[in-house]
Every structure is written in C-alpha cells, then in structure tokens.
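Welcome! Have a look at the chain first, then read on.

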Amino acid sequence: VVTTPTPKGLFRSQLVITHYETDIDPLQPGLLFQLTLTVKNMGNLAAKGVTMIVGGGSTSGSSGGTPQSGGVSGGSGEFSNFAPVGTSNIQSLGDFPAQASLEAVQQLVVNVSTNPGAYPMKITFTYVDERGNLINDEQVITLLVYSLPQVEVGFYQPLDLFFAGQPGLLPLQVVNMGKKLAVLGNMKVEAEGALVENGEMLIGPLDMAGYFPLDATIIPGAPGPLELVITIEYTDDFNQPRTITKTLTIQVEEYYEPMPDPNAPGIREFPVEAEETFWQKVWRFILGLLGLDSGVTSEPVINEVPVEEFPLQPIPAPANNGKG
C-alpha cells in the first residue's frame with residue numbers, strides 16, 4: 001500500500017494590490033494626480049510594520065526583523081515619468097491582519113517631457129511576518145499617458161442678428177492651442193429646435209496655432225437663447241475613438257414682416273372703379289344730357305407698380321356745347 005503525503009498548509013503573509021485608480025483620467029504630461037491603491041493581505045498570517053515604497057525599493061534588516069542602519073531604501077526607483085509631490089515615495093501603512101484591506105494614496109505628477117504610452121510603475125511593500133522574517137513584496141502597476149489635442153472653438157468675426165425662421169451665418173473656427181500637430185476628424189454643428197445647413201466637415205491635421213473655419217447656416221425655430229453643440233471626432237494615442245464637445249450660445253430675435261412705405265419711390269395710387277347703384281347710373285345719365293361730367297366714381301387704392309410703367313396722362317377739360 002502506497003501512502004500519499006498530506007500537503008502541509010502554507011502559512012505566510014502576502015500583500016497584493018487588488019485595485020488602483022487615478023483621480024484624473026486620462027493622464028497627460030504636466031498634470032498633478034492622486035494614485036489610490038487598494039492593498040489586501042491575501043495570506044493567512046499578519047504582516048507587521050508595513051511600508052509602501054512607490055517606484056520600488058527595499059528595507060534591509062536582520063532575520064529577527066530588526067532593521068539595520070540605513071533603514072528603508074526608496075531613492076533608487078524609476079522617477080523619470082512620474083514623481084512624488086507633497087510627500088516622499090515612502091509611506092508607513094502599519095500592521096495588516098490576515099485578509100485585511102486598506103487604501104493607500106500617493107500624490108504624483110506626470111513629467112512634462114513624458115511621451116504618450118504605457119508606463120509600468122514598481123510598488124514595494126516591506127514588512128515583518130509573525131515569524132520575524134523581513135519580507136520585500138514587489139509588484140508592478142501600469143499607468144497610461146495620453147497627449148490629447150487642445151483646441152478652442154469660437155467665431156472668427158462678430159455675429160449678425162439672428163431671427164426666428166430666417167437663415168443666419170455661423171462663422172465658426174477651430175484653433176489648435178496645443179504645442180504639437182493635432183489630427184482631427186469630422187466637425188459637426190447641431191442645435192435643438194433649429195435647422196443647420198453645411199454643418200459637418202472633415203478637419204484633418206492642424207499645426208500648432210493653426211485654424212480651420214466652417215461657415216454654417218442656421219435657421220432657428222423660435223426666439224430666445226439657442227445652444228450650439230460642436231462635436232469634433234478624433235483618435236487618441238491608443239487608437240481609441242474620442243470626441244471633443246464645445247457649447248456656444250447665440251441669441252435669436254422675433255421676426256416681423258416689414259410694412260411697405262407709401263412714400264417710397266415706385267409706388268403710386270391708381271383709381272379703381274367703384275360698384276354703382278341703379279340711381280347712380282340714372283344720375284350720370286342726367287348729367288350727360290346737361291353736358292356735365294358723367295364719369296364713373298372711383299376710389300384710390302395703392303398698387304406697388306413702378307411709375308414709369310403707368311405714365312400719368314393729362315385730363316381733358318369737359319366740352320362746352322353752349323348749354324348751361
């Protein structure tokens with residue numbers, strides 16, 4: 001009979017970073033940010049006197065857990081892309097019972113010379129276990145650095161008045177405010193409750209301080225303030241689609257139909273015959289027998305017809321047949 005040895009349980013401490021995040025996303029060169037780490041003791045023994053070293057390092061000491069002269073070494077880490085701010089890269093986290101968790105926070109800055117990319121960062125936990133052994137647990141996390149375009153959207157000239165139901169010009173302009181070339185995709189202008197024509201166009205590459213104009217036409221539906229939403233599409237350094245959204249506000253006025261000016265050139269009054277009654281016709285007949293004016297009564301109305309098309313004719317004097 002072959003006996004199988006029973007495996008002995010593993011008794012040790014093991015600190016593991018189970019989650020980490022930054023308070024700013026995405027990270028870009030020159031930004032200050034806060035790194036938050038969730039650390040858990042995954043072992044079945046407590047970890048005593050835990051020290052966290054951001055960037056990597058170690059603690060020297062005797063096998064009995066008493067540190068030697070020199071203590072914690074945390075100055076040999078990698079800090080060319082991320083550097084501690086406000087405090088050093090060494091923090092004391094205290095004791096960790098088995099299966100316990102806590103959050104550790106470190107203030108950092110992204111170097112202004114850092115290029116876009118994925119950067120590993122070493123994190124070392126030094127502690128003494130319950131048996132008095134000095135342990136250095138070293139782990140790696142990864143931080144992503146982006147270089148996103150910095151653009152400004154506005155109008156390149158003063159705006160004319162906008163009226164409800166009437167077309168108006170939107171002289172839009174995108175300016176690259178960053179320190180390097182920016183490659184941008186489609187630019188789209190939208191407004192709720194309004195019709196926008198010629199409001200979408202491909203921008204393409206923009207040099208530093210370069211600009212791109214877009215002359216769109218808008219027909220507002222109602223008077224009052226109107227928000228313009230400008231969306232610019234592009235692809236980031238990790239080939240992921242992103243958008244830049246800017247909002248501008250214009251004021252729309254009520255539209256009133258202009259009234260014609262009766263004194264304006266080209267507008268004259270022309271007579272229009274009025275409807276006659278039976279007795280008016282009899283009276284005109286009697287006036288004709290007497291040699292008086294028996295013309296039809298007319299009343300003037302305004303007709304918008306140029307004067308030169310209807311020249312005024314002299315009115316002849318009534319004929320004198322010796323009667324009267």
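Of the chain's 324 residues, 31% count as buried, meaning under 20% relative accessible area with a 1.4 Å probe and protein chains only, while exposed is over 50% and partly exposed lies in between. This is a predicted model, in which local features need pLDDT of at least 70, side-chain atom pairs count only at pLDDT 80 or more, and totals for chains, interfaces and linings use all residues. Residues are numbered from 1 along each chain as its sequence is written, and side-chain values use heavy atoms, leaving out hydrogens and water.

**The chain overall**
- Among contacts (heavy atoms within 4.5 Å) with a separation of 6 or more, 67% join residues 24 or more positions apart.

- Five strands, in the order 12-19-18-14-16, make up an open sheet with mixed pairing; two strands pair if DSSP finds at least two bridges between them.
- At the edges are strand 12 (162-163) and strand 16 (200-206), each pairing on one side only.
- Strand 12 pairs with strand 19 (residues 241-253) in the parallel sense, over two bridges.
- F163 has E253 of strand 19 as its bridge partner.

**A closer look at T126**
- You will find T126 in strand 9 (residues 117-129).
- T126 is buried, at a relative accessible area of 2%.
- Beyond its neighbours within four places in sequence, T126 contacts G49, V50, T51, I53, S58, T59, I135 and N136.

Conventions. Helix = DSSP H or I, 4+ residues; strand = E, 2+ residues; numbered from the N terminus.
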